[in-house]
Amino acid sequence: MDSSVDSHSLLQPSCEVKRKRSITSMNDLPDCVLMEILVLLSLPSVVLRCKWVSKRWFSLITTPHFARRFVTQHPHVHHPFSLIFYYPDCCSNQRLHITTNSETQNESELKPLAAYLHNKCDPNTSSLRASCNDLLLWCDRAEQMVQHCPPVTMVFYSIINPFTRQCLALPPRLVPHPHSSSLGLRVGIICSYDYNNDNQHSSSFRVVLIPWSISKFTTQFNVHIFSSDTGEWSDSVVLCPPNLDGFKLSLTPLSAIPYKGFLFWSIDGARLLGFDPYDSTCCCVIEKPVQLEQFQEIDCLGLCRGRLRTSQVSGYPYRNEHPCLRVWDLLDFDKDSNNNGGRAGGKWCLKHELYFNQMVSEKSPWLAQYVTRIFPFVSVLAFHPSDADIMYLTIQSKVVLCNLQSRTLEVFCDIPQSGLGHHFIRHALTFVLPSWPTPLPFTETGWHC
Amino acid sequence: MASSSTSVVVSNKEKENKNTKKVTLKSSDGESFEVDESVAMESQTIKHIIEDGCANNEIPLPNVTSGILSRVIEYCKKHKEAAGESEPSVTSYTSNSTTNPLTEWDTEFVKVDQNTLFDLILAANYLDIKGLLDLTCKTVADMMKGKTPQEIRETFHIKNDYTPEEEAEVRKENQWAFE
């Protein structure tokens with residue numbers, strides 16, 4: 001078939017016709033065509049491998065234009081997610097667990113991510129503290145300055161995208177803090193990547209630290225904010241909304257949930273405090289869910305299908321009533337809290353109410369038996385980010401998938417070598433891979449920290 | 001309107017006339033190819049030239065050699081024929097691409113060496129033939145699947161312009177990407 005080229009080359013070439021001698025290769029393709037080929041690949045293929053083929057490919061793939069084209073090409077992509085949490089092992093060391101399996105997804109997508117985090121983040125000296133989409137806030141270390149009075153701590157944070165393996169170290173920050181570990185600090189990260197915008201600042205994030213001051217009621221608090229736009233920390237004093245008489249930060253959970261431009265922490269009375277890091281005067285409060293068990297806090301705060309979700313396990317473990325799991329979604333959140341005198345519009349709507357003695361298990365009947373015994377230890381771990389019927393619990397060294405609709409419990413994965421106190425697992429961070437990974441601004445000195 | 005029988009005869013005749021209208025395409029190495037205008041119009045570039053009335057005797061295509069042009073014409077002919085027979089049996093409801101006869105033909109069509117394949121891509125891009133561009137791009141993408149960066153470079157003769165230091169950095173952080 002290809003000998004036709006040779007037979008026609010006998011025709012006399014005129015001087016303006018170029019006789020093709022060179023081999024046409026991929027290097028001869030214009031950028032627009034190369035892009036059409038690359039967008040046909042899977043996300044890991046493009047982002048993890050193709051970026052490193054050559055500098056030309058790197059610069060092509062890292063433009064918002066490419067991201068747009070890629071997302072258009074893959075409209076129905078699923079968003080794999082991973083739950084990240086710490087637990088004590090049998091030797092009382094901290095271990096990091098990163099879930100990599102799921103009911104429908106290809107396991108291998110997340111395994112490299114887990115391996116990367118395990119390698120990088122030693123759970124005994126550092127901790128992953130907050131998450132927003134695919135960015136994780138990582139506290140590398142905290143050095144307490146004992147000689148200072150009042151005591152201060154130097155904290156070293158980094159932002160990690162474990163999927164693209166970008167890591168950006170933030171400048172160290174001195175915070176007034178009585179404890180040597182950074183565990184008492186309230187932290188949050190909020191990020192956004194608008195690839196429809198070719199602007200330099202289309203990718204932006206804010207990190208917020210709230211030093212844990214004395215646990216008395218307060219009407220104002222200090223915040224430290226890191227802005228990716230300025231590359232610097234700043235601090236401010238934030239006043240509570242006028243109608244709020246005072247509040248106390250909850251003991252747990254410590255990490256904030258980003259939602260609609262705010263970072264939300266739980267405060268006393270099962271309320272939520274929302275803070276806007278892009279407008280540090282803006283602060284709002286969300287009242288507690290109506291059906292909440294009195295004198296108890298919420299167990300879990302997270303996002304599901306783009307809504308703020310919270311849950312509470314009540315009537316347990318030290319009472320005689322039947323334990324019940326309730327789940328609420330926040331509806332009608334009105335960002336402009338000024339309209340409501342500082343109370344954000346938005347109501348918690350009870351979505352699920354599940355009594356433990358109603359739960360069944362097909363594959364693991366022992367689970368259903370366990371939750372109905374006298375003192376079951378059941379922790380709420382996280383919500384499923386895109387399936388409103390599913391949430392994750394920890395029971396007896398296992399992560400358990402609870403289907404709120406069908407009232408079933410199934411083992412999702414093991415928590416290997418968990419030791420005593422495994423039921424006091426801190427709440428999981430949720431890593432969710434968006435349609436296109438969130439890029440981090442590179443530092444001037446190089447790519448990585 | 002005339003009676004139905006005459007109108008059918010008229011439209012058939014019109015069809016015939018349209019079908020036999022031809023254009024001549026001239027490759028970069030001076031060879032001329034006469035093709036049905038409808039086939040040539042599979043290329044949006046050529047379609048615009050014809051519609052703008054700029055096609056005189058022949059349309060010169062200085063970016064396409066005769067070898068490639070003859071293949072492109074083959075593709076356009078085949079796909080035009082298939083589109084022309086728009087009976088339900090051809091536009092298969094089964095949507096199973098393995099039983100779609102064109103898919104098999106397309107697969108055979110792109111079984112060529114890399115040089116030819118990239119020439120076809122460039123020609124499809126220049127001539128703006130979406131189906132051919134999609135087909136050839138997909139073929140290249142399939143060749144890339146599952147390959148490490150080094151394997152991709154080797155397969156496609158791409159020069160690695162990272163310095164050894166830069167590459168060591170990348171390799172350190174991305175060791176799983178190179179697995």
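Student: Where is A:Arg407 found in chain A?
Tutor: A:Arg407 is in the loop between E22 and strand E23 (408-414) of chain A. Keep in mind that this is a predicted model.

Student: What's the phi of A:Arg407?
Tutor: Phi of A:Arg407 is near 60 degrees, which is positive in a residue other than glycine. Most residues other than glycine have a negative phi.

Student: OK, switching topic. What does UniProt list for residues 23-70 of chain A?
Tutor: The UniProt record, an unreviewed entry, gives "domain: F-box" for those residues. In the model that span is 60% helix and 0% strand, and its end C-alpha atoms lie 29 Å apart.

Student: How many residues of chain A are in contact with chain B?
Tutor: 43 residues of chain A contact 44 residues of chain B. About 3800 Å² is buried between the two chains, and carbon and sulfur atoms give 65% of that area.

Student: What about charged and polar pairs across there?
Tutor: There is one salt bridge between chain A and chain B. A:Lys55 forms it with B:Glu166, with the closest N and O atoms 3.3 Å apart.

Student: Which helices of chain A supply residues to the side that touches chain B?
Tutor: Helix H1 (3-8), helix H2 (31-38), helix H3 (43-49), helix H4 (55-61) and helix H6 (111-120) of chain A each supply at least two residues. H6(A) gives the most, with five residues.

Student: Now chain B. How many helices and strands?
Tutor: Chain B has nine helices and three strands. Along the sequence the pattern runs α-β-β-α-α-β-α-α-α-α-α-α. Of the 179 residues in chain B, 39% are buried.

Student: What share of the contacts in chain B comes from residues 24 or more positions apart?
Tutor: Counting contacts with a separation of 6 or more, such residues account for 59%.

Student: What does the side chain of B:Glu167 make a polar contact with?
Tutor: With the side chain of B:Arg153, at 3.4 Å. Leaving aside neighbours within four places in sequence, B:Glu167 is in contact with B:Arg153, B:Asn160 and B:Tyr162.

Student: Last one: what span should helix H4 of chain B have?
Tutor: At 1.5 Å a residue, the 19 residues of helix H4 (residues 66-84) should span 27 Å, and the end C-alpha atoms are 26 Å apart, so the two agree.

Student: And which residues of H4(B) are buried?
Tutor: Among them are B:Ile68, B:Leu69, B:Val72, B:Ile73, B:Tyr75, B:Cys76 and B:His79. An α-helix has 3.6 residues a turn, so residues three or four places apart point the same way.

Definitions and conventions:
Residues numbered from 1 in each chain as written. Chains lettered and ligands numbered in written order. Predicted model: local features only at pLDDT ≥ 70, side-chain atom pairs only at ≥ 80, totals over all residues. Heavy atoms only, no water. Helix = DSSP H or I, 4+ residues; strand = E, 2+ residues; numbered from the N terminus. Expected span 1.5 Å × (residues − 1). Buried < 20%, exposed > 50% of the residue type's maximum accessible area, 1.4 Å probe, protein only. UniProt positions renumbered as here; feature names shortened; annotations may be inferred. Contact = heavy atoms within 4.5 Å. Buried area = accessible area lost by both parts, 1.4 Å probe. Salt bridge = Lys/Arg side-chain N within 4 Å of Asp/Glu carboxyl O. Polar contact = N/O pair within 3.5 Å; in protein donor to acceptor, adjacent residues only side chain to side chain.
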